[in-house]
Amino acid sequence: MHCYTNFGRLIVAGTLLALPVAGCQNGAPSVAQYAPSASAVNGSVRRPEAKVKIVSSCPKLVIIGGGLTHSCTFAEAGYSGKFHIVENTNDDNIFTVSPTSGNKKTVFVIQAYDSGGGYYIVRDKNGNEIVRDVRVAS
């Protein structure tokens with residue numbers, strides 16, 4: 001009886017070993033179905049380069065009262081040049097931003113005159129820019 005049990009185990013083991021071989025009789029499985037992409041294997045996923053950003057000490061929306069001021073500074077990693085106020089909606093004399101240019105140590109001052117709102121744009125010499133909205137409360 002002992003011989004039949006070992007023989008049964010041998011047949012089961014042989015069958016299990018033969019199954020993977022039987023699956024490959026018609027050639028190797030398609031590489032496209034199973035192979036990960038080269039970027040997944042070596043970690044060289046190409047991402048778009050991040051655009052350098054100007055950062056501000058001011059929030060995106062500056063809310064100030066008429067007659068008051070608010071101060072802002074601007075900086076950019078790896079940039080030591082000047083920042084310029086290239087546009088502001090000062091047609092109605094709601095607010096001004098001064099000076100009109102400066103570096104990362106310059107304190108730009110928003111002076112509020114009348115109630116209303118608008119925005120200004122700060123740009124560096126590389127074309128990077130940041131927009132800040134201003135609301136002047138009465």
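Two strands are taken to pair if DSSP finds at least two bridges between them, and the close-up views below apply this to a predicted model.

**View 1. Strand 5 against strand 9.** Strand 5, residues 83-88, and strand 9, residues 116-124, pair in the antiparallel sense over five bridges. Within this pairing, His84 stands opposite Arg123 of strand 9.

**View 2. The hairpin of strand 9 and strand 10.** Strand 9 also pairs in the antiparallel sense with strand 10, residues 129-137, over eight bridges, and the bridge partner of Tyr119 in strand 10 is Asp133. Four residues lie between the two strands of this hairpin, and Gly127 in the turn has a positive phi of about 90°.

**View 3. The disulfide of Cys58 and Cys72.** A search of the whole structure finds one disulfide, formed by Cys58 and Cys72 with their sulfur atoms 1.5 Å apart. The torsion about the S-S bond is about -85°, so the disulfide is left-handed. Because Cys58 lies in the loop between strand 1 (54-56) and strand 2, while Cys72 belongs to strand 3, the pair ties together parts that are 14 residues apart in sequence. Cys58 counts as buried at 3% relative accessibility, and Cys72 likewise counts as buried at 1%.

**View 4. The surroundings of Gly67.** Gly67 is found in the loop between strand 2 (61-65) and strand 3 (69-72), and is exposed, with a relative accessible area of 52%. When its neighbours within four places in sequence are left aside, Gly67 is in contact with Gln111, Ala112 and Tyr113. Gly67 and Gln111 are 44 residues apart in sequence, whereas their C-alpha atoms are 7.0 Å apart in space.

Notes:
Residues numbered from 1 in each chain as written. Predicted model: local features only at pLDDT ≥ 70, side-chain atom pairs only at ≥ 80, totals over all residues. Heavy atoms only, no water. Buried < 20%, exposed > 50% of the residue type's maximum accessible area, 1.4 Å probe, protein only. Contact = heavy atoms within 4.5 Å. Disulfide = S-S within 2.5 Å.
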